[in-house]
Amino acid sequence: MNVKRLSAFLLAFCVSLMASVTASRAETLQIVGFGDSLMAGFQLDAAYAFPVRLEAALQERGHDVVIANAGVSGDTSSAGLSRLDWSVPDGTDAVILELGANDMLRGIDPARTEANIEEMITRLKARNIEVLLAGMLASPNMGADYQTRFNGLFERLAEKHDLVFYPFFLDGVAAEAALNLDDGIHPNEDGINVMVERFIPVAEELLQRLKPDA
């Protein structure tokens, strides 16, 4: 094989290899877990954060998926909205949207929280990014009126925008001392495992929506 033929062969091989790698990456669903400390994995080793554990659980079930952790401790819905566009990169297929807990703890008007979350949903859908909305429940000490206004906003948004919906992100973990850190608010490693186990069915519903023929 002369030099020209060898060069042509190597070029063709490299192009083929790059196309193969690109196709492989394209098949892998890219998801972003976007939220606050509950998503970020407050005081936990990075390997035990919710997005990491959910990714591992879905991969064990045969799903070709990568879930990036875009959780920031302390974020309110306003803070999340301000960083949404640069925190969710192009090529993202779906976002698990989990915000509102810090709004509730600060007593922010639920109408403001609802408007911020709806704006995030609108921006993501405009980019053809599917959204799984994870809801939150207000603490009883916020009062019955606040609870009603806050708790209902997530379901309203899910119905309005036809989203995959998980009503309470801390389902099975909230108020369970053995599943939380000493602060009684943030899940520990065992708590994350419970959250992931309960979350898998809605995560798979999201993945089903991402299939071309869905």
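Predicted model: local features only at pLDDT ≥ 70, side-chain atom pairs only at ≥ 80, totals over all residues.
Modeller: Residues are numbered from 1 along each chain as its sequence is written, and side-chain values use heavy atoms, with hydrogens and water left out.

Colleague: Why is Leu 181 called buried?

Modeller: Buried means under 20% relative accessible area, exposed over 50%, and partly exposed in between, with a 1.4 Å probe and protein chains only. Leu 181 has a relative accessible area of 18%, and therefore counts as buried.

Colleague: Why does Ala 175 count as exposed?

Modeller: The relative accessibility of Ala 175 is 79%, so this residue counts as exposed.

Colleague: Where are Leu 181 and Ala 175 found?

Modeller: Leu 181 lies in the loop between β5 and α8, and Ala 175 is placed in the loop between β5 and α8 (189–210). Helices (H or I, at least four residues) and strands (E, at least two) are DSSP runs, numbered from the N terminus.

Colleague: With which residues is Leu 181 in contact, leaving aside its neighbours within four places in sequence?

Modeller: Contact means heavy atoms within 4.5 Å. Among the partners of Leu 181 are Phe 42, Gln 43, Leu 44 and His 186. The C-alpha atoms of Leu 181 and Phe 42 are separated by 9.3 Å, the two residues being 139 apart along the chain.

Colleague: What is the phi of Ala 175?

Modeller: Ala 175 has a phi near 70 degrees, a positive value in a residue other than glycine. Most residues other than glycine have a negative phi.
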